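Please look over the sequence and the model first, and then follow the points below.

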Amino acid sequence: MEVSDFEEETLKKRHKKNPFTSSMVEVNSMHEDDDNDRLETARARFSNVIKRHTALAERLSRDSDKMIFQRLQKEFEAARASQTEEVYLDGEEWNDGLLATIRERVHMEVDRKAMLAETDVIPNHHVEDKITYRVGNKVICCLEGARIGIQYETTFAGDPCELYHLVLESRSFLEKMTVLEHTIPFFLPLREAENDLLSSNAMRFIDYIGELLQAYVDRKEQVRLIKELYGNQIGELYHSLPYHIIEFVLDDFPCKVIVSLRYADLVSVLPTRVRVIAWPIDQFKKSEVLGAHPSPTRLSYAEDALKSMSLPEAYAEIVLRLRQVIQEIFEDRNPS
C-alpha cells in the first residue's frame, strides 16, 4: 500500500519528536553491553582483592611469627619438663585466688634466684615446687623472669589443632600485668581485651583469649572441611581473616545458590545472620531472552540448618534437599 505525502511527513515529524522510538533495540543492546562490562570489571576487581588478601595473610604469618612460636614452644616445653607436679583444675578451682598464688610463686622464684646470686650459693633445684596448672584447654606455668606463661591447646571434632602462647609479665603486685609477647593471630582483638580486662579481671582475660582462639580455629576448620569434602561443588568461596564473614557459591546444581554467613562476635561458632539465595538456572536463561530480571528465592530450610548445625553438617543437609526444594519452587512459579 502506498503512503501519501501527508502520512510520510507525519511519520517524519513523529520520529523527530521521539527519535528513540526507532532505535530502542539498539539502545537496550548498548545498555546490556555496558552492564556486562561493569559486571566483568567488578568480578575482576573482587578476584584481585581476594588474591591480595591471601598474599597478605601468608606474608603476615611467615618467618617472624614462626621464629617467636618456635622459641616460646621450646621455653614452654622446658618449663613443663622441669615441673614437679601438674595440677588439673575444674570449675571454681580456677579463680582469682589461684592466679594470685601463681603470681606470688613467680616473684618468690625471682627473689630466691637474686638472693642466691648475691651469696654465690649453689642452687638447690628441689627447694621450690614447680607446679603447672591445667584448666580446660589452657596450660599455665611459671617462666623465668617474673613471667606467667599460658599455652592454649585448640581442638576440632576432638582432634588437637594449633597451639598458641601468651606470656604475661608481672613486675610487682602493685603494678598490673601486661602482655609481653604472644603467638596469637594479629587479627584477633588481643590488645582490646588487654585494655578492657587484664587490669580489672585477669582471670577473665585469660579465659576470653582461650575462647577467642578456640572459636577461630573451629570456624576455620569448618571451612577447611567443606572445601575438602565438597570442593568440586563450590564455585567461589570468600572468608575474612578471623572467619567471622563467610560467603560461597554453589554451582553444581540446577540453580545458583549464594550462601552468606555472619557471626555476631569472634567467640561464636554458629552464625547469627544467615542468607541463602537461589536462582534456578532455567529462570536465568528465560529472563535473558525476555529482558527481565531473574527473581531470587530465599531457602529458609537452608538458613535454619546453618544456624543450628556446624557448617559441614548443614552443607550436607542443604545439598540433600536442594534439588527437591528447587523443583517445588519452580513448579509453583510455573504451574502447568
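Helix α6 lies across β7 and β8, and runs at about 170 degrees to β7. Angles here run from 0 to 180 degrees between N-to-C directions, with axes fitted as lines to C-alpha atoms, for helices over the stretch in contact. Helices (H or I, at least four residues) and strands (E, at least two) are DSSP runs, numbered from the N terminus.

This is a predicted model, in which local features need pLDDT of at least 70 and side-chain atom pairs count only at pLDDT 80 or more, while totals for chains, interfaces and linings use all residues. Residues are numbered from 1 along each chain as its sequence is written, and side-chain values use heavy atoms, with hydrogens and water left out.

**The antiparallel sheet**

- Strands β7-β8-β9-β10-β11, in that order, make up an open sheet of 5 strands with antiparallel pairing; two strands pair if DSSP finds at least two bridges between them.
- At the edges stand β7 (234–239) and β11 (297–298), each of which pairs on one side only.
- Within this sheet, 6 bridges join β8 and β9 in the antiparallel sense.
- I246 has L261, in β9, as its bridge partner.
- Helix α8 (residues 300–308) lies across β9, β10 (273–280) and β11, at about 150 degrees to β10.

- Strands β4 (residues 147–156) and β5 (residues 159–169) run antiparallel and are joined by 9 bridges.
- In β5, L166 stands opposite I150.

**Nonpolar cores**

- A nonpolar core is a set of buried Ala, Val, Leu, Ile, Met, Phe, Trp, Tyr and Cys residues joined through side-chain atoms within 4.5 Å; buried means under 20% relative accessible area, exposed over 50%, and partly exposed in between (1.4 Å probe, protein chains only).
- The largest nonpolar core has 64 residues, and L168, F205 and L299 have the most contacts inside it.
- Helix α6 gives the most to this core, with 12 residues.
- Domain 1 (61–118 + 130–218) and domain 2 (232–331) each supply at least three residues to this core; the domain bounds come from an automatic or database domain assignment.
- Leaving aside residues up to four places away in sequence, F205 touches L166, L168, V179, L190, A193, E194, L197 and L198, where contact means heavy atoms within 4.5 Å.
- A second, separate core has 6 residues, including L72, F76, A79 and C141.

**Salt bridges**

- The structure holds 18 salt bridges, each defined as a side-chain nitrogen of Lys or Arg within 4 Å of a carboxyl oxygen of Asp or Glu.
- R134 and E153 form one of them, with their closest N and O atoms 2.9 Å apart.
- R134 lies in strand β2 (residues 131–135) and E153 in strand β4, so this pair ties together parts that are 19 residues apart in sequence.
- R134 is buried at 15% relative accessible area, whereas E153 is partly exposed at 22%.
- R191 and E194 meet through their side chains in a salt bridge of 2.6 Å, N to O; being 3 residues apart in helix α5, they are separated by about one helical turn.
- R191 is partly exposed, with a relative accessible area of 40%, while E194 is buried at 11%.
- E247 and R262 form a salt bridge in which the closest N and O atoms are 2.7 Å apart.
- This pair links distant parts of the chain, with E247 in strand β8 (residues 245–250) and R262 in strand β9 (residues 255–262), 15 residues apart.

**A buried histidine**

- H107 is found in helix α4 (residues 96–119) and counts as buried, at 11% relative accessibility.
- Residues up to four places away in sequence aside, H107 touches S170, R171, S172 and F173.
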